[in-house]
Amino acid sequence: MDRGSFSNSRRARHFGRTNQSLQSSPSSNDFYGLSGFYGGSPIPFMRSPLPRMTRESSISPAFFDNVKSSCSPLPFAGLNLDKNVKRQAQSSCDDRSDFNSKYMQATRLLSLPAWALDENREIRNELTLKRVVDEDLILSFCMDKAGCHFLRNNYFGGNTMDAAIRDRINREVLGSKDIFLTICKSSFGNFFMQCVIEHSNRAEQEIIKKYIISDIKALCLDKSACRVVQTALEKLHCGDAIVAAIASKNWLMAICTDRNANHIMQKIIKKFSPSRWEFLVSFLIKNDQENMLYICRDKYGCRVVQTIVEVLSIETDNKIEANEKARVLHRLMNKILAKCPNLAHSEFANYIIQHIIETPGILSKYRDAIIETCLLRNLLSMSQEKYASHVIERAFVYAPLSLIAEMMDEIFDGYVPHPETGKDALDILLFHQFGNYVVQRMLKTCVDAVTGQRDTLDEVNYSKRFENWFNKLYVRVRREKTRLMRFSSGKKMLEILQGMESSYHFPYGDSPSASTNGDRLSSYYEFDFKDSNFPVL
């Protein structure tokens with residue numbers, strides 16, 4: 001049958017409905033997205049894979065859906081069947097970008113009046129805040145990006161020299177709790193509300209405090225409103241009441257582990273004295289619950305605990321404040337020490353342990369306690385863990401000389417070699433995907449010591465012991481040179497030894513750089529290891 005002879009009426013009967021029903025039926029609009037338009041699908045009554053766009057949800061015309069479909073992945077693009085395909089897709093995506101810009105400008109017209117915009121649909125330069133207030137458009141400007149920027153720039157500027165204008169604005173945004181909460185939760189309005197809080201008087205601050213406390217959990221968990229709460233904690237004279245409201249509710253777990261609310265807890269910890277937020281430490285160390293483990297293992301909760309440790313470890317000349325910090329820190333660290341093996345193996349909690357190890361001062365005694373009770377006698381197993389190996393590395397860098405000596409002795413002589421293969425702990429770590437980083441750190445520590453870059457004098461002179469450990473690593477790397485050259489970690493160790501040639505006398509004159517063919521450490525490995533007089537481990 002000829003395509004032209006297939007009339008509209010027959011086509012309608014064939015597909016089971018008429019064009020009139022298609023245009024008037026609400027269900028057809030829901031099915032196609034737009035009446036009379038198939039959303040990019042070439043076959044009638046077939047659902048398009050493109051997102052549905054209704055007239056209620058968008059003011060864009062239907063033909064822009066074709067632009068979207070052209071930006072979708074092309075199934076034959078990878079076969080290079082048509083070199084123009086990529087250029088066409090790029091051109092279509094550029095058109096879509098232009099459309100998005102025009103769409104955002106058109107959307108602004110719905111919220112801001114035409115007289116407030118110039119020919120480029122931006123806020124007019126001559127527009128005054130008084131005009132906006134007289135037209136009762138404060139809320140509309142708060143919800144608009146450019147409008148909010150205009151309010152922030154003029155709220156406490158030349159256009160607000162009249163205090164009555166500012167009072168009228170404050171009465172409007174603070175006159176109702178619903179309006180206040182709506183502005184706080186707006187992605188643009190929250191910035192203007194922060195400006196209002198910064199310049200508020202005592203009476204207005206009391207109103208703001210009451211509104212925030214009335215819905216404190218929702219505000220803390222909201223992406224935009226959490227910024228308002230932080231500003232209130234920073235600027236309000238009654239911020240203690242907000243902290244007390246958080247403490248009085250059973251929301252600490254949710255607030256500490258939320259991606260937005262955790263910043264509020266960090267603000268409280270940094271802003272107020274420990275006595276104001278010691279309730280958080282009491283919550284962490286509860287014996288009948290695993291709050292410490294749960295929060296420290298969380299992506300956001302670990303930041304809260306680390307902030308507590310950072311603040312409490314800051315030294316102060318005020319003896320009363322110093323004693324208070326020391327008391328709270330002791331309560332927290334006792335719990336961390338008890339859970340240290342679990343925390344060191346966690347993806348996020350290990351950063352807390354690393355921070356304690358690498359921070360001097362009041363945390364030094366807790367660093368030594370972690371190394372003695374948690375790391376020693378577990379170095380081999382922890383060095384083979386993805387996250388715990390980072391903790392071991394930090395310990396080799398920041399531990400005191402006496403504990404470094406114990407760690408070195410455990411790696412070299414603390415484990416019985418395998419009865420069949422004869423491999424010891426160093427052999428295992430040397431080629432392990434995580435353990436090799438620990439060996440590299442051991443080598444760098446020894447290099448710093450024998451070259452004088454690290455102090456080796458404590459109550460005992462450890463210089464000879466560092467030289468002995470370095471020689472042991474030297475011999476082991478020499479033995480495994482062929483295998484190590486296949487790995488980037490092995491090459492790094494060889495490069496470290498290469499850099500030592502000018503400052504260290506290698507045993508029996510076997511310098512790593514005595515190479516004539518350009519291969520690093522070649523002559524260093526040319527003679528047979530078994531026939532050498534160097535002592536075998």
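Arg131 lies over the face of Trp115, at 3.8 Å from the ring centre, where a charge is taken to sit over a ring if NZ of Lys or CZ of Arg is within 6 Å of the ring centre and within 35 degrees of the ring normal. The model is predicted, so local features need pLDDT of at least 70 and side-chain atom pairs count only at pLDDT 80 or more, while totals for chains, interfaces and linings use all residues. Residues are numbered from 1 along each chain as its sequence is written, and side-chain values use heavy atoms, with hydrogens and water left out.

**Aromatic pairs**

- The count comes to 5 aromatic pairs, a pair being rings of Phe, Tyr and Trp (its six-membered ring) with centres within 6.5 Å, called stacked with planes under 30 degrees apart, edge-to-face over 60 and tilted for the rest.
- One of them is the tilted pair of Phe180 and Tyr211, at 5.3 Å centre to centre with 45° between the planes.
- Phe180 lies in helix H10 (residues 177-184) and Tyr211 in helix H12 (residues 202-214), so this pair ties together parts that are 31 residues apart in sequence; helices are DSSP runs (H or I, at least four residues), numbered from the N terminus.
- Phe180 counts as buried at 0% relative accessibility, and Tyr211 is likewise buried at 8%, where buried means under 20% relative accessible area, exposed over 50% and partly exposed in between (1.4 Å probe, protein chains only).

**Around Phe431**

- Phe431 and Phe487 form an edge-to-face pair, 6.1 Å centre to centre and with 65° between the planes.
- Phe431 is partly exposed at 25% relative accessibility, as is Phe487 at 37%.
- The charged end of Arg483 sits over the ring of Phe431, 3.8 Å from its centre.

Key:
Helix = DSSP H or I, 4+ residues; strand = E, 2+ residues; numbered from the N terminus.
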